[in-house]
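The sequence and the structure are shown first.

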Amino acid sequence: MIEPHTAALLEPYADRPGTRGGLDYPPDEFKEVVARLDRMKFQVFIHSIGDRGIRTALDAIEYAEEQNGPRERRDELIHIECLNEKDIPRFKQLGVVACMQPRHCAPDITGQWAKAVGPARWKYAWAFRSLRDAGAMLAFSSDWNVAEMEPLIGIYTALTRKGLDGKPEGGWVPAQTIDLDTAIRAYTINGAFANFVEQNRGSITPGKYADLVMLSDDLFKIPAEKIKDTNITWTMVGGKTVWSKQ
């Protein structure tokens with residue numbers, strides 16, 4: 001984690017100059033661990049928060065492909081909070097899914113995070129737009145109970161980069177906001193793709209599981225700031241109504 005200064009960074013923490021955090025494995029050892037899992041056809045999920053941790057994970061996945069040959073791996077990096085610009089194109093190049101949690105970047109809960117990494121690294125903090133524009137597959141989740149479970153709060157945050165209090169004006173690092181279509185796909189079909197289950201879930205398509213919700217508002221017709229206040233009015237799971245507000 002960034003806040004306790006344990007996430008591995010390429011350069012020292014802004015508020016603790018003598019610290020860069022640490023890796024759980026030496027890089028060369030980690031490469032061999034990932035390569036071995038890859039040879040066994042496991043899909044690898046790696047929690048990577050700091051830019052050094054992210055680079056180490058990408059290096060290991062690249063090494064696994066070099067050792068074991070090409071295949072559709074759909075390996076995932078989880079969190080990707082502090083990203084170095086040089087590593088952005090590698091997600092598409094390696095077919096790595098960027099599994100991220102939009103609520104984590106909300107300024108009402110990231111004060112210590114922002115102080116720890118320093119303004120020079122804010123540009124690619126939770127770099128949703130940069131990754132999307134580089135062709136990376138975004139798959140969003142909540143990381144509950146660290147953050148709220150509700151996807152609507154995550155969508156609101158991804159679109160506004162604001163806290164639940166609506167601040168700051170214009171959002172924090174607004175250059176990394178994304179559009180509604182991208183956010184919805186990240187919470188639906190992209191998540192299904194990331195887990196090799198897009199054939200039966202992730203979209204409203206004949207033949208797939210009918211796991212659906214109905215909302216109180218059309219998200220495409222209301223301001224992004226109102227999305228967090230939208231309610232679920234009806235829920236269907238497997239083609240059967242399991243809850244209704246009425």
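## Cavity

The lining of the largest cavity is made up of three nonpolar, four polar and three charged residues; here Ala, Val, Leu, Ile, Met, Phe, Trp, Tyr, Cys and Pro count as nonpolar, Asp, Glu, Lys and Arg as charged, and the others, Gly among them, as polar. Among the lining residues are Arg103, Glu148, Glu150 and Tyr187. The space in this cavity is about 50 Å³, and the whole structure has one cavity of 30 Å³ or more. On a 1 Å grid over the protein atoms alone, a cavity is a set of points where a 1.4 Å probe fits but cannot get out, whereas a pocket is an open set with protein on both sides within 12 Å along at least five of seven lines; lining residues have an atom within 4 Å of a point. Grid points are joined across faces, edges and corners, and a volume is the space filled by probe spheres set on the points.

The model is predicted: local features need pLDDT of at least 70, side-chain atom pairs count only at pLDDT 80 or more, and totals for chains, interfaces and linings use all residues. Residues are numbered from 1 along each chain as its sequence is written, and side-chain values use heavy atoms, with hydrogens and water left out.

## Pockets

The largest pocket holds about 1,100 Å³ of space. Of its 31 lining residues, Tyr187, Thr188, Asp211, Leu212 and Val213 lie nearest the centre. The lining divides into 19 nonpolar, seven polar and five charged residues.

The second largest pocket has a volume of about 370 Å³. Its lining comprises 17 residues, with Gly22, Leu23, Asp24, His47 and Ser48 nearest the centre. Nine of the lining residues are nonpolar, seven polar and one charged.

## Aromatic contacts

There are seven aromatic pairs (ring centres of Phe, Tyr or Trp, the latter by its six-membered ring, within 6.5 Å; planes under 30 degrees apart are stacked, over 60 edge-to-face, the rest tilted). Trp122 and Trp172 pair edge-to-face, at 5.8 Å centre to centre and 65° between the planes. Trp172 is buried at 11% relative accessible area, while Trp122 is partly exposed at 27% (buried means under 20%, exposed over 50%, partly exposed in between; 1.4 Å probe, protein chains only). Ring pairs join Trp113, Trp122, Trp126 and Trp172 into a cluster.

The charged end of Arg74 sits over the ring of Phe193, 3.6 Å from its centre; this requires NZ of Lys or CZ of Arg within 6 Å of the ring centre and within 35 degrees of the ring normal.
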